[in-house]
Amino acid sequence: MEEAPLFPGESIKVIAKDVMYICPFMGAVSGTLTVTDFRMYIKSVERDPPFVVDVPLGVISRVEKIGVQSHGDNSCGIEIVCKDMRNLRLAYKQEEQNRLEIFENLVTRAFPVSNGLPLFAFNYKEKFAVNGWKVYDPMAEYKRQGLPNESWKISKINNTYELCDTYPAVLVVPTSVKDDDLSKVAAFRAKGRVPVLSWIHPESQATITRCSQPLVGPNDKHCKEDEKYLQTIMDANAQSHKLIIFDARQNSVADTNKAKGGGYESESAYPNAELVFLEIHNIHVMRESLRKLKEIVYPTIDETRWLSNVDSTHWLEYIRMLLAGAVRIADKIESGKTSVVVHCSDGWDRTAQLTALAMLMLDSYYRTIKGFEILIEKEWISFGHRFAMRVGHGGDDHADADRSPIFLQFIDCVWQMTKQFPAAFEFNELFLITILDHLYSCLFGTFLCNCEKERLKEELSTKTVSLWSYINSQLDEFTNPFYVNYENHVLYPVASLNHLELWVNYYVRWNPRMRPQVPIHQNLKELLAIRSELQKKVEDLQREAATRSISSSSDRGSSPSHSATPVHTSV
């Protein structure tokens, strides 16, 4: 069988025989190409075992016709550039192209949005035992954090997305703030993104609040409601008489933004606030850095210059800056017991990276599988990171300046943390890679659209399947066998280049020479089985010890006394 296996709801659009896949590692392989409304699938039965290339169309960034020489009758060629660090080349006969319109079919199906078609997520009909759309309930998550309390209330002012159309419907704001004042603050903040609570420390009540830049402009505009609002945020934490504002941007860029009508909080207008610039570069710099990284990892690697080539992309340097910024935020909250406000320009890129990473460091709940899903749903999806725009779901404009690997950088930072604290996270590496694969695949509705308002309009929770339905119905696949629940432990990763490494299992996974000889994932599953077995033995021994202890105490009158030692073990 050379046809593609199909998901429920998936349909074949074209099948072409004798298509040549020009593999950079194994040379040319001839097989059958199937294009469906979800994937491009090539299978060659010439090889044993059969050679398969299975690519979700959502990962395709651009498709171009190329000329191919020295492949016999196969004179037509296509180059496919992907978003997941690989490129593919195909060659086929001219008459096949004329008859089947392979190129046209591929382009139409790879870029459905540009061609007036729905993304495949709306046709995907798989049924799972778990409903992932129920994973995140904002009221339940705020309740877990101990909210509302006397200083903070849950506000429904944005119920119809009128205060801010890119924010969620449920917001947490200071109790004393009136709706009229909140509207005035929204008018003074870019895109209406007012400072709202992301996380509160269970003991000190120090908070992380997030927002966008104030619209100070070149004439140093003031907004007394905004100034009072930040003072109220500071006052909600009795432990500190200071508020730290972390501006993720470079100081010079923030100055440029100020000249264009944006800006930052001056310490004269906000007397108890301290402003710190984290000097993180913008989305365009990050996109260029990833482009350079792709060049050095695919298709071939220059072993002699590997370290200097990685260094020249600055990718790890930008990962370091993000981690260092998040550590500073977490430390101010934990050690300084001081509340912080985090913003960049619009508050949906660098801000999400920093708040989510700091929360991961501070709160062990987010280091569980369910907790991490909630962290993504909350800080990224509900707070309006523009996934559709940054990833370019279903769109053919590969050169769009709004595309940028912001969420990929966040997941890379999380991976770096799992390397430094291998027992602190309930999830494994496959979990992170699966999230990134489905960021692009358009199989699930989780990462579609740009904000909560759009998702509601598109009815994603009823018309598409959640990625968490898939993950949570097979948790063994994604569980870290070494996990120990370090409750209430704050993690401070070392944000230094000599403690960071390139995530080879993600960025270089298409190169067969870079793969481990024994799949790591298989080992982890075996360890998980051994761990469950050992845990069961421990429980049996503990029960046995408890039974012995009961029987020995009842026999104590007639036999010499002995006490059973309880078995304490951590597997």
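## Helices, strands and a loop between two helices

Helices in this report are DSSP runs of H or I with at least four residues, strands are DSSP runs of E with at least two, and both are numbered from the N terminus. The model described here is predicted. Glu-101 sits in the loop that separates helix 1 (residues 94-100) from helix 2 (residues 102-110). Its phi is positive, near 50 degrees, although Glu-101 is a residue other than glycine. Glu-101 has a relative accessibility of 45% and therefore counts as partly exposed, a class that lies between the limits of 20% and 50%.

## Overall form

The protein has 19 helices and 14 strands. Its radius of gyration is 27 Å, close to the 25 Å given by the globule rule for 571 residues, so the protein is as compact as a globular protein of that length. The C-alpha trace spans about 90 × 80 × 50 Å along the principal axes.

Of the contacts with a separation of 6 or more, 70% are between residues 24 or more positions apart.

## Surface and charge

Buried residues make up 53% of the 571 in the protein.

## Helix 6

Helix 6 covers residues 251-259, and its buried residues are Ala-254, Asn-257 and Lys-258. Because these residues cover an arc of only 105 degrees around the axis, they are on the same side of helix 6. They pack against two strands, namely strand 12 (243-247) and strand 13 (273-277). After helix 6 comes Gly-261, which has a positive phi near 110 degrees.

## Cis peptide bonds

The bond from Asp-48 to Pro-49 is cis, and its omega is near 0 degrees. Pro-49 belongs to the loop between strand 3 (39-44) and strand 4 (51-56).

The bond that joins Tyr-298 and Pro-299 is also cis, with omega about -5 degrees. Pro-299 lies in the loop between helix 7 (283-297) and helix 8 (306-313).

## Two further loop residues

Is Asn-488 buried or exposed? At a relative accessibility of 68%, Asn-488 counts as exposed, since the cut-off for that class is over 50%. Asn-488 is part of the loop between helix 17 (467-472) and helix 18 (504-507). Its phi is positive, about 65 degrees, although Asn-488 is not a glycine.

Thr-446 is placed in the loop between helix 14 (429-441) and helix 15 (452-457). With 1% relative accessibility, Thr-446 counts as buried, because buried means under 20%. Which residues does Thr-446 contact, leaving aside its neighbours within four places in sequence? They are Trp-133, Glu-377, Ile-381, Arg-455, Val-465, Ser-466, Leu-467 and Trp-468. Thr-446 and Asp-476 are 30 residues apart in sequence, and their C-alpha atoms are 21 Å apart in space.

Note on methods
Residues numbered from 1 in each chain as written. Predicted model: local features only at pLDDT ≥ 70, side-chain atom pairs only at ≥ 80, totals over all residues. Heavy atoms only, no water. Rg over C-alpha atoms; globule rule 2.2 N^0.38 Å. Buried < 20%, exposed > 50% of the residue type's maximum accessible area, 1.4 Å probe, protein only. Contact = heavy atoms within 4.5 Å. Arc of directions from axis to C-beta.
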